[in-house]
Amino acid sequence: MVVVVGLGYIGLPTALIMACNGTKVIGVDKNPNIIETLINGEVTFQEDGLEELFQKANNAGITFQTQLAKSNMYIIAVPTPFDKTTKRIDTGYLTGAIREVLAVCEDGAIIVIESTVSPGTIDMHIRKEVNGKNIRLVHAPERIIPGNMVTELVNNPRIIGADHVQAAQEVKKLYQTFCTAEIVITDIRSAEMSKVVENTFRDINIAFANELAKICRAGDMNVYEIIRIANMHPRVNILQPGPGVGGHCISVDPWFLVGDFPQLSLLIHEARKINDSMPVYVLERIQSIMSQNGITDISRIGFYGITYKEDVDDSRESPTLQLFNIVKTALGHEPKCYDPMLKDMLFSSQYESYESFLDDVDIVVIMVGHSHIRGNAQSLEGKIVLDTRHCLAPSDNTYFL
Ligand code: SAJ
């Protein structure tokens, strides 16, 4: 039996897919609302294929509870944020979960940490918790991308970091029940670092695209055309510029390296700064488009998209939220906004109806390229549009970064 601790964006799909593939699974989360929702037969967030997986896992007998259960195998998928001042990892949730597991687990149990951690975290913060106990620690960092999680759970290669091959093999066998890709075994610190490096690589690549967007705007060049052409080279693969980098992974993990190796992570730090500068750059673009069109009424600007990227319902660290903080400080209130993916109203100025939102604004700033807007481009006719995601076809009234 496997106990999955933490049923968020990673823990829930992981628990479900294991249950669907012949493992007895208990999903545990401290938040009673999450457990109640799952027990009532509903998933807690939107994700392609999750609903179907949930039904199958329920049929296979998965159970959900707030209390930890005794087992010899635990998967831990709790948040690992960074401290905004020191830029170092905050291991509070992780050590808390480990302590609770230790209080109930069987002698000789394996504890698999799936949460992303900075290199050295397990040596420095977790080993002392398990010292003197017969416990085997394993790090198998999650690698699935929101929006395509269910497919990637099956198809992405996995990393298993362990002290001993025996424990690694046992975990590999478990992951092989649902993962068809290669599963690499390494040591714990290499597993920690590889995961952080993957997200840092992506952050730097996006920062490069964002810097190119600024250079191209200043030099009157089309950045999208330039990236498209450059990417035709067999060894070039530049990502897309955008209004900033959000989410709880790419905008967080590089800070772990900056926090721990400040003198050695110059490029990584600079990339973070570039990506963090994008919401302000979007604001500058809005100001320039307003003056080009003789518009002065800021209240007639509306922001489309609050989530951190397209077709997800997760708004953590989203560029729109970052921009709203800046605008709120300047205006004293949040600007008008709409997001088809969000059920919850996060702002008093947020619209439930897309039509009413459009009626009340002259400039639409597309912050997220949801499928909804890609399929509804005609609804923006007559509006001035700043498309920060380059998801619409060019037109006289459409501006890009
Ligand atoms: N973004 C751009 N331009 C791009 C691609 C992304 O501006 O060309 C922005 C997105 O809009 C978003 C942010 O970057 O705001 C991050 O989005 P993402 O889709 O790049 O990544 P995440 O955060 O959803 O998921 C990443 C993935 N990591 C990598 O691809 C290396 C995923 O595989 C990890 O499992 C996940 O982080 C995680 O949990 O660590």
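**Stop 1: H1 and H3.** Select helix H1 (residues 11-20) and helix H3 (residues 50-59); their axes come within 8 Å and cross at roughly 50 degrees. H1 is therefore oblique to H3. Helices here are DSSP runs of H or I with at least four residues, strands are E runs of at least two, and both are numbered from the N terminus. Axes are lines fitted to C-alpha atoms, for helices over the stretch in contact, and angles run from 0 to 180 degrees between N-to-C directions. Under 35 degrees counts as roughly parallel, over 145 as roughly antiparallel, 65 to 115 as roughly perpendicular, and the rest as oblique.

The crossing of H1 with H3 is left-handed (the near helix is turned anticlockwise from the far one by less than a right angle; clockwise would be right-handed). Now show side chains. Leu 12, Pro 13, Leu 16, Ile 17, Ala 19 and Cys 20 of H1 meet Leu 50, Leu 53, Phe 54, Lys 56 and Ala 57 of H3; contact means heavy atoms within 4.5 Å. By class, these residues are 10 nonpolar, no polar and 1 charged. Ala, Val, Leu, Ile, Met, Phe, Trp, Tyr, Cys and Pro count as nonpolar, Asp, Glu, Lys and Arg as charged, and the others, Gly among them, as polar.

A note on the model: it is predicted, so local features need pLDDT of at least 70 and side-chain atom pairs count only at pLDDT 80 or more, while totals for chains, interfaces and linings use all residues. Residues are numbered from 1 along each chain as its sequence is written, and side-chain values use heavy atoms, with hydrogens and water left out.

**Stop 2: H8 and H9.** Select helix H8 (residues 188-218) and helix H9 (residues 223-230). They pack at an angle of about 130 degrees, axes 9 Å apart. That makes H8 oblique to H9. Their crossing is right-handed. Ala 209, Leu 212, Ala 213 and Cys 216 of H8 meet Val 223, Ile 226 and Ile 227 of H9. The contact has 7 nonpolar, no polar and no charged residues.

**Stop 3: the second largest pocket.** Stay with H8, which gives the most to this pocket's lining, with 7 residues. A pocket is an open set of points on a 1 Å grid over the protein atoms alone, probed at 1.4 Å, with protein on both sides within 12 Å along at least five of seven lines; lining residues have an atom within 4 Å of a point. The second largest pocket holds about 900 Å³ of space, a volume being the space filled by probe spheres set on the points, which are joined across faces, edges and corners. Of its 32 lining residues, Ile 145, Arg 202, Ile 206, Ile 250 and Lys 309 lie nearest the centre. The lining has 12 nonpolar, 10 polar and 10 charged residues.

**Stop 4: Arg 389.** Pick Arg 389, in the loop between strand S13 (384-387) and strand S14 (398-399). Gly 369 is 20 residues away in sequence, yet 5.9 Å away C-alpha to C-alpha. Leaving out residues up to four places away in sequence, Arg 389 touches several others, including Pro 243, Tyr 308, Lys 309 and Pro 319.
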